[in-house]
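Hi everyone, thanks for making time today. I'd like to walk you through one structure, going from the interface to a few spots inside the chains.

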Number of protein chains: 2
Amino acid sequence: MEKQTVEIGITASKETDFSEWYIQTVQKAELADYAPVKGLIVLRPDGYAIWESLQETFNRRFAREGVRNGFLPVLIPESLLGREKEHFAGFNPEVFWVTHSGNSELGDRLALRPTSETLAYTMYSKWVQSWRDLPLKINFWNTALRSEIKATKPFLRTSEFLWQEGHTVHATKEEAERQVHAMLDIYRETVEQELAIPVISGAKSEREKFVGAEYTMAIESIMPDGKALQMGTSHFLAQNFSKPFDVKFADRDNVEHYAWQTSWGVSWRLIGAMIMTHGDDRGMSMPPRVAPVQAVIVPIYRNDKRQRDDVMSAASEVREALESEGVRVHVDDRDDATPGFKFNDWELKGVPLRIEIGPRDVESRSVVAVRRHDGRKESMGVKDLGPAVRGVLEEIQEAMLQKAREKAAGMTFDVSEYAGFKERCGTGFVRAVWCGDEKCEESIKEETGAEIRVIPLGEEKEQGSICIRCGGQGLSTPIFAKGY
Amino acid sequence: MEKQTVEIGITASKETDFSEWYIQTVQKAELADYAPVKGLIVLRPDGYAIWESLQETFNRRFAREGVRNGFLPVLIPESLLGREKEHFAGFNPEVFWVTHSGNSELGDRLALRPTSETLAYTMYSKWVQSWRDLPLKINFWNTALRSEIKATKPFLRTSEFLWQEGHTVHATKEEAERQVHAMLDIYRETVEQELAIPVISGAKSEREKFVGAEYTMAIESIMPDGKALQMGTSHFLAQNFSKPFDVKFADRDNVEHYAWQTSWGVSWRLIGAMIMTHGDDRGMSMPPRVAPVQAVIVPIYRNDKRQRDDVMSAASEVREALESEGVRVHVDDRDDATPGFKFNDWELKGVPLRIEIGPRDVESRSVVAVRRHDGRKESMGVKDLGPAVRGVLEEIQEAMLQKAREKAAGMTFDVSEYAGFKERCGTGFVRAVWCGDEKCEESIKEETGAEIRVIPLGEEKEQGSICIRCGGQGLSTPIFAKGY
C-alpha cells in the first residue's frame, strides 16, 4: 500500500519545478485530463464541481444586477464577422473554421465562437427598439474557442475554454459605465471571497485593452512563479458595436439613439489560479466555499467486527450532523484501503477538513479534525459538531485568503530605477511610474518581457515623479509583470 | 394601446395552423429567436430559464443515482471516429467539419460533436483500471451539433441543440441494465411531474434503436398535431464500445474484463413539447414548476396618486408574502401600459397565475387571482395568501397534467385492421400487433409514414393475435405514429 501511495502522489516540487508540479496536481487530484486533441482538456467531476460552484455564486450576484442567462450557438457566419473588422482582426489567427457539413462544402464559412459580441449584438439590434427594452442584460455560460499554438496548459491556455460572457445594453453612457465597474466589483469580490485569491484591479492600457472596447477594466493576480494571471475583464464598449450592428432605441421623446454597451467575462482560468495559489507538494488544497467535498470522515478501526461497527456508526452520526448543517461531507468507507492511504488520497484531492474517528474517539465522544491547508490538528466534541465544523471551515477560508494576501504582498514591488525594475520583472508585480507613452510601454515589453497588467484606479496621476523607462514626466503608476 | 396588443399577440390558430402558431408562440413569448445561421436558434432569458430549471431538477435526480457532471470539448479528431465506424456512420452526413485554424489547414480534420461516446470512452479507458473505479457515472450538459437540411424548427429540429448526455460504466451486465431503466424512469417522472406532459415508455425496435446500442429504451409523447415526439432515450451499450475503446477493468480476482456501458440523454426538445402541449391561441402557458415567473401581480389604479400609492403598497406586501413562500413573483409596475395590455402580455408569456389588485381589493384585503391555463378567476384573502397561492400553483400543475393526459388518451387508438391503421396514422399513437419482421415495419413506414415509436414493456408478446400488416403471428404490440 505504501508503495502505491508514493506512485500516485505528486512527485514534483512546487518550489523548484512549478510547471511539472502544476500539471501533476491537475491530473492526480482528478480535476482534469488531456483530451485527444492537442490543447483541449476534459473536466472530471471534481474539476467541474468547482465550475458549477462558481456558476452558482456568480448567478446569484449577477441576478442582483438584473442580469439573466441566455444561450447563443457556437457557429458564427464569416459574413457577419466583417461588420466589425477591427474587433475581429485580433482573433483571426486563432479562429477554427467549419468549411463542410457532411460532404458538402458550405457557401459561407462558419467560425467557432472566439467571443460572441458580433452574434449577440445582431440579436440585440432586433430586440432593442424602445427605451422600454432597456437596460438589456444577458449573460451566456458557454465555451469560447481559440486555437492555441503556444504551449498549452490545463485551465490556463487551452483551445476551448469554459467561460461566461455578459453583454449589456444601456440608454446612457453613465449607466453603461456604472455597469462596467459593478461587474468588476462582483469579480473582485467573488474571487477573493470564494477562491481566497487576492486581486488587484484597474484599467488596461490602450495597448492591452480589448480591441473593440473604449476601455477595459481588469482584475489580476500574481501566481507563485512570479507571473501575473488575468482573472477577469469588464469592457466599456461605448457605441463601438451599437453603430455597426445597429443597436438603436427610440427614447421617450421618440428620437432614435445608438445604445451604450458593455461586455465582461471570467473563465475557468480561475480554477487554474486556485490550484496554483493554494496547492502544495501534497497536492490540491481547496478553499472550503468551492470545495466539492468540504469534510471527509475517515473511520479508523482494527480488523475487528465490533470495533468496525462502533466506529462506522459514529461516522454515520457525524455525517448526519454535518449534513444537517449544510456541510458537503463524505465518509470514506473503503475496506480495502488503510487510513494512511486515505489520508494521502484526500490531501491530494485537497479536501479542506479531515475528520478521523477511531475507537478511542468513539469512547470519548470526540473526533480529531485536521485542516488541509496548515495541517493543524484538534480534538472536537461530537456534541454541536455541525456548527463547530462550519466555524472551522469559515476560519480555513479566511486563513487561506490571508496567507495568499501575505504571499502576494511579498511579491509586489515598488521600483524607481530601471535596473531594479528589470531585476524584479518575472518575480512579481512591479509598480513603477510611466509617462503614458506607448513607445515606452513597448520598449519595456521588449527589454524585460513585462507588460502593463493594470493601471490601478486612483493612481492614474502621480505628480512630480518620472517615467521608469524614459525619465519623462510621470502620468500614472501601473502594475507591470510578465504574464501567462 | 389596443392596436399594439393585437399586433404583438399570436395571429395564427393552434387548431388550424399549428406550425405557424408554434413559431409565433416561441418568438412572441420571447423564448427563442432565429440566429443568423439557418437552423440555429438563440435562447432568450425566459427560454433559457426553463432549461436551467430542468437542469436543476435533473441534477438532483441524477445525484440520487450517483451521477456527477463533467465537461468534454466540442472537437473530436476524425481519426478517433474511425474506431467505432458503425456507430458513427449514421451521423456522417450531418457532421460539421473544422478544416482550418486561422489560415492553416489541419492535418486531422475535427468533427463538431454530434454525440460524445467516442470521446468519453477514450477518456474512460484511461480512468477505469480496476473494479475500484466502478461504477463510473458522468453526465455532460453541453450541445450537440448535427447539420439539419430538412425544414428546421425551434427546439425540435436545429443544427445545434442543448442536451445532456450521460455515460456510465459498470462491472456487470445486470448493473448496467438496471441503470438503463433507472434513467428512463427519471426521464418519465421528470417530464410528467415538471413539464406536465404524459409519456409512454418502452423499447425501440431494432430498426429505430441507436446504432451503437444493444437496445434503446425511450419515452415518447403525442403532440396536438397528431405526431409523436421522442422525449428521451436510454441506451444499453453492452460491450459494443468497451471493446473498440478498450474500457477494461481488473476485477477482485485480478482478471481483466471489458466493462458494460450505458448512455442516455434528453434535449431542449422537452421545451418544444411543453410549448406544443400547453400553449393556446393567447400564447404560452407554463406549468408552474418550470415557469420562470409563477405569479405576476398587476396593480390596477386610476390616474390618482393616492390611489396608486395604496395599490402599489398592497402589491409590495403581496409580493413579499409570496416570495417568503418561495413563489417566483413579479410586480408589473409599468406606468405606461394599461392593465388590459399587461394581462395580454403575461398571458402571451404564459405566467401560470395573475394576481390583480385594485382599490376595492385593497379595501377588502383581498386580491383577484386568475389561472392562465383555464381562465378561472377567484377572490383570495390577503391573509395567508402565500401558502394559498402555493396550493393554487400545485393545483394548476396537476390540472395541466390531467388535461394533457386526457388529450393524449383521446389520441391513442387500438386498431386491428390495416385500413383503420392507415386512417389513424398521423392523428395520434396507434397501437397494433406486429409480427416482429423488419420487412413489415419497413412496408408500414413506406405505406403510411408511421414508424414504431416504442414497444411498451410487458406488451412484447400477445398470443393469438395477428400482424397488422402481413397477418402473420403477432409477436408484440408496438405504438406506431408519424414522428417529428
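**The interface**

Before going on, a word on conventions. This is a predicted model, where local features need pLDDT of at least 70 and side-chain atom pairs count only at pLDDT 80 or more, while totals for chains, interfaces and linings use all residues. Residues are numbered from 1 along each chain as its sequence is written, chains are lettered from A and ligands numbered from 1 in the order in which they are written, and side-chain values use heavy atoms, with hydrogens and water left out.

Back to the interface. In terms of contact (heavy atoms within 4.5 Å), 55 residues of chain A meet 55 residues of chain B. How many salt bridges does the rule find across the interface of chain A and chain B? There are six, a salt bridge being a side-chain nitrogen of Lys or Arg within 4 Å of a carboxyl oxygen of Asp or Glu. One of them pairs B:Asp33 with A:Lys126, and their closest N and O atoms are 3.0 Å apart. On the side of chain A that touches chain B, the residues divide into 34 nonpolar, 11 polar and 10 charged.

Strand 5 of chain A and strand 5 of chain B, residues 96-101 in each, run antiparallel and are joined by five bridges. Strands pair if DSSP finds at least two bridges between them; strands (E, at least two residues) and helices (H or I, at least four) are DSSP runs, numbered from the N terminus. Within this pairing, A:Phe96 has B:Ser101 as its bridge partner.

**Inside the chains**

Now to helix 2 of chain A, residues 18-28. Its buried residues include A:Phe18, A:Trp21 and A:Tyr22, where buried means under 20% relative accessible area, exposed over 50%, and partly exposed in between (1.4 Å probe, protein chains only). Among the elements covering the buried residues of helix 2 are strand 1 (32-34) and helix 9 (269-278) of chain A. Just after helix 2, A:Glu30 takes a positive phi of about 60°.

Over all chains, the salt-bridge count comes to 84. Let me pick out a few. A:Glu220 and A:Arg453 form one, with the closest N and O atoms 2.7 Å apart. A:Glu220 lies in strand 10 (residues 215-222) and A:Arg453 in strand 22 (residues 451-456), so the pair ties together parts that are 233 residues apart in sequence. Both A:Glu220 and A:Arg453 are buried.

In chain B, B:Glu347 bridges to B:Arg354 at 3.2 Å between the closest N and O atoms, and both residues are buried. In chain A, a network of salt bridges links A:Asp280, A:Arg282, A:Glu347, A:Arg354, A:Glu356 and A:Arg372.

One last stop: B:Gln397, in helix 13 (residues 385-409) of chain B. Is B:Gln397 buried or exposed? Buried, with a relative accessible area of 3%. Beyond its neighbours within four places in sequence, its contacts include B:Gln193, B:Pro287 and B:Arg289.

Definitions and conventions: Nonpolar A, V, L, I, M, F, W, Y, C, P; charged D, E, K, R; others polar.
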